[in-house]
Amino acid sequence: MAAAVMMTGGGHSGQGQNRKQTGELLKHKYLRCFECFTKPLRAAKVVRCRLNFVVTFRSGFGPFKVAHKSLVNLPTIDEVIGNTPLVRLRHLDRGLRWPVWVKCEHLNPGGSVKDRLALAILNEAEQQGHIKPGDTLIEATAGNTGMGLALVGLSRGYQVVCVLPEKMSVDKREALKMLGARVVIAPNAPLDSPDNFRNMAARLAEENGWFLTQQFSHPANPRIHYHTTGPEIWRQSQGQLAALVAGSGTGGSLSGAGRYLKQQNPDILVVLADPLGSQLASYVRSGEYSGDGPYLVEGIGSSRAPDNLDVQLIDQVESVSDEESFQVSRDLIRKEGLWVGGSSGTAVAAALRCASRPETGGPVVALVTDSWDRYFSREWLRS
Ligand SMILES: Cc1ncc(COP(=O)(O)O)c(C=O)c1O
C-alpha cells in the first residue's frame, strides 16, 4: 500500500527509488505466495510419508509430481449407479393443472434404469456364492439389462451372454458386442413359444450351466427399487408427489418404487404407462388378456404380466400409441434436453395426461428409463 502511494504520489526525482521499493515488494509478495502454495504440499508429503504411502518424484513434468495412492476415496463406476436427478419440465407441462417431474434413469452410468437391478442381482448372487469371476451370466433382455450386466459384470471378470428379441434395435446389439458381451437373437415369438427370448435364455442357461439372472422374476429386482428408486423420489420431491408413472418391462421399477411410495403416503397413485398393443393394460383393468397387437416401443409392455409386476399396486393404466410415445420422446430430446428413448415418451405421455386432470391432486413423477443413443438407427428418432 505504502509503495503504491509513493508510486502515484512521488515526483520524477523519486522514481528510481520507487521502482526499487516496488520490486522489493513484488519479490516479497511472490515469495509469500510461493510459500503459501508449497506449504500444504510439503505438509501433505510429510503426512503421506508418515502414513507409509508411496511418494514418487518424476522429472520432466513441472518441478516434480507426486503420484500418490490417493487419500481421496473415489467410487468405482458401479458405485455411482442410482441417485439420479429428479427434474422439472420447462415446456411440455405448461398450462396443465399439475407439474410433471422426471426421474432421469437414463443418466445411470450404463444409460438406463437397468443398471440398478444388474448390480443388485450380481451382488446378491456373489454374496450367496452362486457365482464367481470367470462364470458366464445370461439374461433375456431388451438390451438395457444386458448393458447393465456388461457394465458391472465384465469388469469383475464375468462373461455376459444376452438373448435379445429380433425387434430390438441394431444399436443395442452393436453396443453390447462392442462392450464384449455375446449376443443371441431370438425371433419375435410369444411367451408360450420355445423360441421366445425368455425361454431361449432359460434353455441356454440350463444346457451350458450358465447363471440366469432372471430379471423377470428375481426378487432383487423390485427390492432394489424399493430400497433406492422409491426413497430417492420421496426425498427429492419432498413427499409432494401425487402420482408415479412408469412402463413395465419386468415390472420391477414400478412395483418396487410404487410400493415404497405408497407406504409413505397411501394416496399416491401408481400409474402404468402401457404401449397400445400390449396386453398388460387390459389385464390390469379387467383381469383378462386382450388387445394384442404389434407395437414398436422397446422394453415395455407384454402379452403376459411378469412375476415382478405387482398388479395390485396399480391404480390407473394409460395406453399410449407408438405415434404419441415417439412424438413425446422427440419433444423431450429437442425441447427439454432430456436425451431419452422411446419408452420414456410412453411414460411422459401418460404423465402429461395425469397432470391435466385436477383429481390427480398434485405433481406427477414419470420414470424416464433409457438413453437415446440406443435408437440412432430408428426412424422415429431420425424423423
Ligand atoms: C427401455 C425400457 N424402458 C422401461 C423398462 C421398464 O423397466 P422395468 O423392467 O423395471 O419394468 C425397460 C425394461 O425392460 C426398458 O428396457
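Modeller: Before we start, two strands pair if DSSP finds at least two bridges between them. Helices (H or I, at least four residues) and strands (E, at least two) are DSSP runs, numbered from the N terminus. This is a predicted model, where local features need pLDDT of at least 70, side-chain atom pairs count only at pLDDT 80 or more, and totals for chains, interfaces and linings use all residues. Residues are numbered from 1 along each chain as its sequence is written.

Colleague: Okay, how many helices and strands does the chain have?

Modeller: Both kinds of element turn up in this chain of 383 residues. The count is 12 helices and 10 strands.

Colleague: Now strand S3: why is it largely enclosed by the rest of the structure?

Modeller: S3 covers residues 136-140. Here "buried" means 20 or more other C-beta atoms within 10 Å of a residue's own, with exposed at 12 or fewer and partly exposed in between; C-beta atoms are placed from the backbone. S3 is largely enclosed because, of its 5 residues, the number buried is 4.

Colleague: Which residue in S4 is the bridge partner of isoleucine 138?

Modeller: S3 and S4 (residues 159-165) run parallel, joined by 5 bridges. Within S4, isoleucine 138 has as its bridge partner valine 161.

Colleague: Which residue in S6 does isoleucine 138 stand opposite?

Modeller: S3 also runs parallel to S6 (residues 211-212), with 2 bridges joining them. In S6, the residue opposite isoleucine 138 is leucine 212.

Colleague: Last one: which helix gives the most to the shell around the ligand?

Modeller: A residue is near a molecule or strand if its C-beta atom, placed from the backbone, lies within 6 Å of it. The ligand is surrounded by 18 residues, and the closest are Gly249, Thr250, Ser253, Gly299 and Thr369. With 3 residues in that shell, the top contributor is the one spanning residues 252-264, helix H8.
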